[in-house]
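Let's take a friendly walk through the inside of this protein. Have the sequence and the 3D view ready as you read.

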Amino acid sequence: MNQSVALPVREQPYYQAFLLSLFALFVCGAVAAFSAMTKESILARSIEDTQRQLVQVLPQSLYDNMPSQEEITLTLDGKPVHFFRARKGGAGSGVALFAETSGYSGVIRILLGIDANGSLTGVRVLSHTETPGLGDAIDLNKSQWVLSFNGKSLQQPDEKGWHVKKDGGQFDSFTGATITPRAVVKGVHEALQLFQRHQNEFLDRKGS
């Protein structure tokens, strides 16, 4: 009669499955621990990067909070609007507002700083796909053109002024690339109009 020989414990299938499970738990635990260790530093760097970006459009004299820590998305006029709120003495003193406009080659993403009075404190083009050497003059690294928005508002210039000079407005255009600056002027103007319509929401003026 044949008698089955018992396998050593280490060769038993259940033992090998146990070891595999133990190894998987160890790996998962190590990954989770590493993620927890790095998450805080990654978040801190992200906040610092955002703050550096915001300083370009919001002068530090405008606020005493950390706008990068007051990130808000509201649905205004049926669309989501993303912005950072600046405060001074607890009151809303301005916003850094994201906007998009359609250029010659695609979407142009813009960041605008607007103070509580509705005046522009800075404008930066965050991304675009405009033609190098022509439309890319909207980038501060390429030209000073974008600085021409500083201090502008819906009152200065008036409605007619919010166009490029080729269209009878106050803003310069680029030789051979009128569509790009025209699009940016339009996007900035529309963002200012949005701020005016929803000033209380942007500045957190409850009951005003």
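## About the model

This is a predicted model, where local features need pLDDT of at least 70, side-chain atom pairs count only at pLDDT 80 or more, and totals for chains, interfaces and linings use all residues. Residues are numbered from 1 along each chain as its sequence is written, and side-chain values use heavy atoms, with hydrogens and water left out.

## The nonpolar cores

A nonpolar core here is a set of buried Ala, Val, Leu, Ile, Met, Phe, Trp, Tyr and Cys residues joined through side-chain atoms within 4.5 Å. Buried stands for under 20% relative accessible area, exposed for over 50%, and partly exposed for what lies in between (1.4 Å probe, protein chains only). The largest core has 36 residues, and L112, L120, F149, V188 and F202 touch the most other members. Two or more residues come from each of strands 1 (71-76), 2 (79-88), 3 (91-102), 4 (107-115) and 5 (120-127), and from helices 2 (179-197) and 3 (199-203). Helix 2 is the biggest contributor, with 8 residues. These elements are DSSP runs numbered from the N terminus: helices are H or I with at least four residues, strands E with at least two.

Take L120 as a way in: leaving out residues up to four places away in sequence, its contacts (heavy atoms within 4.5 Å) include L112, F149, W162, V188 and L192. A second, separate core has 10 residues, among them L62, F84, F98 and L111.

## Aromatic pairs

Rings of Phe, Tyr and Trp (its six-membered ring) pair if their centres lie within 6.5 Å; planes under 30 degrees apart are stacked, over 60 edge-to-face, and the rest tilted. The count comes to 8 aromatic pairs. One of them is stacked: F149 with W162, at 6.2 Å centre to centre and 20 degrees between the planes. Both residues lie in the loop between strand 5 and helix 2, so the pair ties together parts that are 13 residues apart in sequence.

F149 and W162 are both buried. They also belong to one aromatic cluster with W145, F171 and F174.

## Two buried residues

F171 lies in the loop between strand 5 and helix 2 and is buried, at 2% relative accessible area. Beyond four places in sequence, F171 touches residues including F149, P157, W162 and V185.

H189 sits in helix 2. Its relative accessibility is 8%, so H189 counts as buried. Aside from neighbours within four places in sequence, H189 contacts L154, E159 and W162.
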